[in-house]
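Let's take a walk through this protein together. Keep the 3D view open and follow along as we go.

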Amino acid sequence: LVCCCKHASIPKTMAILLVLTVSIESMTATFINWGEQISDVGWASRKNYRSFVSRLDIAMKTINEFETEDDFYRVEKTLFRKANDGLALDMRGVSEFTSTFNKGSIVFLKKLGFVSRSQSSKYYQGNEVVDSILGIKYVIGEGPNDKGELKDNVSYYYDSTYIEDGNMYIYKNPYALPLMYC
């Protein structure tokens, strides 16, 4: 007992050093991983986010004014900030990022022409058939380029409406089918 009491301060010092070492290592790893995450994924400012969402919010309000009934329809866009922009805009679309995206959905969307991989899908360009089958009734885009060609890669068969406030176009697919069309 006498022997243990003489050296009781050594284990206490070792415990304090161990806690300090682990704490410093954890904080260092956190900052390194955080820095790598930001350089890999990016970091958007609130101003950038609000500007993007406000601009598309104008388009969504215009679309809601077009629709007088409570039918289900999808809305997509050809402008992207992140894969889950639709969540911020209350937009029912096909573009999304989700950790529960199953392989069958990814393969299905890829075969239909969507950019689909890992845990996300994005609508970059559509066509009348796929858009109609999936019920995509509206596509929000930036309109024609300087040569008059559509930058948005949407069908020429869609009706377009220019929104001056957001400097963008809304394309309406007149052939969009209802949800669960057989």
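One thing before we start: what you're looking at is a predicted model. Let's begin with its largest pocket, which is lined by Ala83, Asn84, Phe97, Val115, Arg117, Ser118, Gln119, Ser120, Ser121, Lys122 and Tyr124. The space in there comes to about 190 Å³. Sort the lining by class and you get four nonpolar, five polar and two charged residues.

So which strand gives the most to that lining? That's E4, with three residues. Strands E3 and E4 each supply at least two.

Now look at how those strands sit together. Three of them make an open sheet, in the order E2-E4-E3, with antiparallel pairing. Strand E2 (96-97) and strand E3 (115-117) are at the edges, each pairing on one side only. Between E2 and strand E4 (residues 120-122) there are two bridges.

Next, the nonpolar cores. The largest one has 16 residues, and Leu56, Met60, Ile63, Val75 and Ile140 have the most contacts inside it. Helix H3 (46-66), strand E5 (136-141) and strand E7 (168-172) each supply at least two of its residues, with H3 giving the most, six. Apart from this core lies another, with 13 residues, including Leu109, Val130, Leu134 and Ile136.

Finally, zoom in on Val75. Leaving aside residues up to four places away in sequence, Val75 touches Met60, Ile63, Met91, Arg92, Gly93, Tyr138 and Ile140.

How values were computed
Residues are numbered from 1 along each chain as its sequence is written. This is a predicted model: local features need pLDDT of at least 70, side-chain atom pairs count only at pLDDT 80 or more; totals for chains, interfaces and linings use all residues. Side-chain values use heavy atoms; hydrogens and water are left out. Two strands pair if DSSP finds at least two bridges between them. Helices (H or I, at least four residues) and strands (E, at least two) are DSSP runs, numbered from the N terminus. On a 1 Å grid over the protein atoms alone, a cavity is a set of points where a 1.4 Å probe fits but cannot get out, and a pocket is an open set with protein on both sides within 12 Å along at least five of seven lines; lining residues have an atom within 4 Å of a point. Grid points are joined across faces, edges and corners, and a volume is the space filled by probe spheres set on the points. Ala, Val, Leu, Ile, Met, Phe, Trp, Tyr, Cys and Pro count as nonpolar, Asp, Glu, Lys and Arg as charged, and the others, Gly among them, as polar. A nonpolar core is a set of buried Ala, Val, Leu, Ile, Met, Phe, Trp, Tyr and Cys residues joined through side-chain atoms within 4.5 Å. Buried means under 20% relative accessible area, exposed over 50%, partly exposed in between (1.4 Å probe, protein chains only). Contact means heavy atoms within 4.5 Å.
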